[in-house]
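Okay, thanks for making time, everyone. Let me put the structure up, and then I'll walk you through the parts I'd like you to look at.

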Amino acid sequence: MVGQGSANSRNLGHMWSQRAVVDYGLARRATIQSIRSGHMEPRDVCDAHPYLLRAARFHGEPTERACPICEHRNVTNVTYVYGDELGRLAGRVKVTADLVEMAQEYGEFRVYVVEVCQGCSWNHLAVSFVLGTGDPPGPCL
Ligand SMILES: [Zn+2]
């Protein structure tokens, strides 16, 4: 699909360089704290959209982290990609293996990782970062 990519772009050293990383751990902990202290109801945060739950079920990546709310199930990571260069792929759910390929194919795109509990519907943004070759977009189409 991407015709401009030449064979020499397969530089493994640049395959997985995350840039502009935003860690949402603080906001996440604050939310969890509000639940535990009774300032927020679990139902205020356990509100995953059916689409997100479906994405977690079919495209999510299991983790070893227990759900902070129900503590019954491990959360699942659901990864979304956004970027002007992605065209119809923007907003799609991807798995890590896809990202590795995309990071070599596109100049720049942002990745959002949402953790989702399929038990109680807890969901929270975990981290976001930028991937890509860093090259400006080639002359497209
Ligand atoms: Zn849960």
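Let's start with Glu115, which counts as buried because its relative accessibility is 1%; the cut-offs are under 20% relative accessible area for buried, over 50% for exposed and partly exposed in between, with a 1.4 Å probe and protein chains only. Before I go on, the housekeeping: this is a predicted model, so local features need pLDDT of at least 70 and side-chain atom pairs count only at pLDDT 80 or more, while totals for chains, interfaces and linings use all residues. Residues are numbered from 1 along each chain as its sequence is written, and side-chain values use heavy atoms, with hydrogens and water left out.

The side chains of Arg65 and Glu115 meet at 2.8 Å, N to O. That pair links distant parts of the chain, with Glu115 in strand β5 and Arg65 in strand β2, 50 residues apart. When I say helix or strand, those are DSSP runs, H or I of at least four residues for helices and E of at least two for strands, numbered from the N terminus. Arg65 itself is partly exposed, at a relative accessible area of 35%.

Arg28 bridges to Glu115 with the closest N and O atoms 2.8 Å apart. Here too distant parts of the chain are linked, helix α1 for Arg28 and strand β5 for Glu115, 87 residues apart. Both ends of this one are buried.

While we're on α1, residues 25-36: its 12 residues should span 16 Å at 1.5 Å a residue, and the end C-alpha atoms are 16 Å apart, which agrees. For the record, the expected span is 1.5 Å times one less than the number of residues. The buried residues of α1 are Gly25, Arg28, Thr31, Ile32, Ser34 and Ile35. What covers them includes β1, α2, β5 and β6, where contact means heavy atoms within 4.5 Å. Just past the helix, Gly38 takes a positive phi of about 85°.

Next up, β5. Seven of its eight residues are buried, so the strand is largely enclosed by the rest of the structure. On one pairing, seven bridges join β5 to β3, antiparallel, with Val78 partnered by Val114 in β5. On another, eight bridges join β5 to β6, again antiparallel, and there Val113 has Val127 as its partner in β6. The pairing rule is at least two DSSP bridges between the strands. β5 and β6 make a hairpin with six residues between them, and Ser121 in that turn has a positive phi of about 75°.

What coordinates the zinc ion? Four SG atoms, from Cys67, Cys70, Cys117 and Cys120, at 2.3 Å. Donors here are N, O and S atoms within 2.8 Å of the metal, or 3.2 Å for Na, K and Ca, and water is not among the atoms, so sites may look incomplete. The site is tetrahedral, with donor angles of 106 to 116°; four donors get that label if all angles lie between 85 and 135 degrees. The spacing in sequence reads C-x2-C-x46-C-x2-C. Cys67 comes from the loop between β2 and β3 and Cys117 from the loop between β5 and β6, so the pair ties together parts 50 residues apart in sequence. Cys67 is buried at 1% relative accessibility, and Cys117 is buried at 0%.

Last stop, helix α4, residues 96-105. Its buried residues are Leu99, Met102, Ala103 and Gln104, and their cover includes β3, β4, β5 and β6.

Methods. Four donors count as tetrahedral if all angles lie between 85 and 135 degrees; four count as square planar and six as octahedral if opposite donors are over 155 degrees apart and all others between 65 and 115; anything else is irregular. A salt bridge is a side-chain nitrogen of Lys or Arg within 4 Å of a carboxyl oxygen of Asp or Glu.
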